[in-house]
Amino acid sequence: MAEQNAGPDVAEHQVHADGKGQRLVVLSGIQPSGKLHLGNYFGAVKQYLELIEQGHECYYFLANYHALTTIRNRQELLDLTWQAAVDYVALGLDPERCYIYRQSDLPEVCELQWILTTITPMGLLERCHAYKDKVAQGLPADHGLFAYPVLQAADILIVSANLVPVGQDQKQHIEVTRDIAQRFNRIYGEVLTVPEPYIRADAAVVPGTDGRKMSKSYGNTIDLFAPENVVRKQIFGIVTDSATVEEPKDPDRSTLYQILKLFCTPEEAREWAERFRRGGLGYGEVKRVLFEKFMEELGPARRRREELSRDPDYIEEVLRYGAVRAREVGAALVRRVRDAVGIPNR
Ligand code: ADP
Ligand code: TRP
């Protein structure tokens, strides 16, 4: 299960997704374990929006059972889950065109997870990064962290998803899901749909302000909904080398350029690359432009979020509506799985 280049997935799926009227089932989730950042936006949420636009049946959920592996404070988990729901809607996930729900509102997913664990080889999970890295650092790992990918497989398989939009870091988990589904089908017959990842090649790994992958756990994020002064500070904190204004700069080795590029059209990106190489461009100027572009792109969502956070009843209604649909589809799948393995349906 080596990490592969993201390219082929994208090419392959754009054919599918743009293909004449084929309606696919799409599912993705984000753990409500912190604030949404630019990595989540370009790596995941933009693709969520794109797939809604293409008319697919989309399920986007808040993985609060998964978040229990890191958040151990009851009020914090409740708050983060709620905030993530508001973020989703503010970012344009239209509740009339997709289903938004809390993972815990579809508890059948835990039953499916158990059934899947019974056919999941230990070795498959031992190779998964999150668990492997923790063990490699000599840290104690919980069973939840070990079993995490099986719950993720259940999330995906319970709605019979065809496509899973995610960033590159999640590719391994989709491979595990595919392995589990194929194994189940071999043993019990064709019950589960084998999904494919949907990864946008140019945003597969968004760098953080320190140049490593942007991640909540590295403290190197640019947050989508932080107050303006915090966002400015995060953007101006992007690491740069000590080149003077006059010196030519290599855009391919610049974290600042890599982030700026995400906001640019291909032509604009080429022009900026050119300006980097020519010299005479100061990093401060680029950061000012990046800040403006950020506000232009996220401004509408940031304003919508302010309004939405004053209307908790609406958000609750969105979540309830999404849960009803997810449960309808999910419970039916679990009935088929029970039937296939020999657990009586009541
Ligand atoms: P984090 O790494 O900050 O904890 P999550 O694991 O909650 O982020 O990721 C939620 C979604 O956003 C996943 O689909 C993940 O692949 C995507 N994602 C997160 N960080 C990045 C990044 N730096 N670049 C691209 N995609 C990302
Ligand atoms: N593991 C994912 C992450 O950390 C979140 C997640 C849970 C997920 N279940 C999923 C993503 C199902 C896609 C599909 O980002």
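# Questions on a predicted chain

Visitor: Leaving aside its neighbours within four places in sequence, with which residues is Y218 in contact?
Guide: The model is a predicted one. Y218 belongs to the loop between β5 (196–198) and α10 (228–236). Once neighbours within four places in sequence are set aside, the contacts of Y218 are R212 and K213.

Visitor: Is Y218 buried, partly exposed or exposed?
Guide: The class follows from the relative accessible area, with buried meaning under 20% and exposed over 50%. Y218 has a value of 39%, so this residue is partly exposed.

Visitor: What distance separates the C-alpha atoms of Y218 and G208?
Guide: Along the chain, Y218 and G208 are 10 residues apart.

Visitor: How does the radius of gyration of the chain stand to that of a compact globule, and what is its value?
Guide: A compact globule of 346 residues would have a radius of gyration near 20 Å. The C-alpha trace spans about 75 × 50 × 45 Å along its principal axes. The radius of gyration of the chain agrees with the globule value, at 21 Å.

Visitor: How many helices and strands does the chain have, and what share of its residues is buried?
Guide: The chain contains 14 helices and five strands. Of its 346 residues, the buried share is 50%.

Visitor: What percentage of the contacts between residues at least 6 apart in sequence join residues at least 24 apart?
Guide: The count concerns contacts in the chain between residues at least 6 apart in sequence. Those joining residues at least 24 apart make up 78%.

Visitor: How far apart lie the centres of the positive and negative side chains?
Guide: There are 43 positive and 49 negative side chains in the chain. The centres of these two sets are separated by 2 Å.

Visitor: Which backbone oxygen lies 3.0 Å from a polar atom of the side chain of Q47?
Guide: Q47 is placed in helix α2 (residues 38–53) and is buried because its relative accessible area is 0%. Beyond neighbours within four places in sequence, Q47 touches F42, Y60, P165, Y198 and R200. One of these residues also supplies a backbone oxygen 3.0 Å from a polar atom of the Q47 side chain, namely F42.

Visitor: Against which helices do the buried residues of α11 pack?
Guide: Helix α11 (residues 255–262) is mostly covered, with six of its eight residues buried. The buried residues are T255, L256, Y257, I259, L260 and L262. They pack against α2, α12 (266–278) and α13 (283–308).

Visitor: Which residue caps the N-terminal end of α11?
Guide: The cap brings a side-chain oxygen to 3.3 Å from the backbone nitrogen of L256. The residue that provides this oxygen is S254.

Visitor: Leaving aside its neighbours within four places in sequence, which residues does A269 contact?
Guide: A269 lies in helix α12 and counts as buried because its relative accessibility is 8%. I174 is 95 residues away along the chain, and the two C-alpha atoms are separated by 31 Å. Apart from neighbours within four places in sequence, A269 is in contact with Y257, K261 and C264.

Visitor: From which residue comes the backbone oxygen 3.2 Å from a polar atom of the H66 side chain?
Guide: H66 is found in helix α3 (residues 64–67), and its relative accessible area of 2% makes it buried. Its contacts, neighbours within four places in sequence aside, are Q31, Q103, Y148, L151, Q152 and D155. The backbone oxygen in question belongs to Y148.

Visitor: What is the phi angle of S160?
Guide: S160 occupies the loop between α8 (143–157) and β4 (163–165). With 19% relative accessibility, S160 falls under the 20% limit and so counts as buried. Although S160 is not a glycine, its phi is positive, at about 55 degrees.

Visitor: How far is the C-alpha atom of Q83 from that of R305?
Guide: Q83 lies in helix α4 (residues 74–90) and is partly exposed because its relative accessibility is 34%. Q83 and R305 are 222 residues apart along the chain, yet the separation of their C-alpha atoms is 9.7 Å.

Methods. Residues are numbered from 1 along each chain as its sequence is written. Chains are lettered from A and ligands numbered from 1 in the order in which they are written. This is a predicted model: local features need pLDDT of at least 70, side-chain atom pairs count only at pLDDT 80 or more; totals for chains, interfaces and linings use all residues. Side-chain values use heavy atoms; hydrogens and water are left out. Helices (H or I, at least four residues) and strands (E, at least two) are DSSP runs, numbered from the N terminus. The radius of gyration is taken over C-alpha atoms; the globule rule is 2.2 Å times the number of residues to the power 0.38. Buried means under 20% relative accessible area, exposed over 50%, partly exposed in between (1.4 Å probe, protein chains only). Contact means heavy atoms within 4.5 Å. Lys and Arg count as positive and Asp and Glu as negative; His and the chain ends are not counted. The place of a charge is taken as NZ of Lys, CZ of Arg, CG of Asp or CD of Glu. A polar contact is a pair of N or O atoms within 3.5 Å; within protein, one must be able to donate a hydrogen and the other to accept it, and residues adjacent in sequence count only if both atoms are side-chain atoms.
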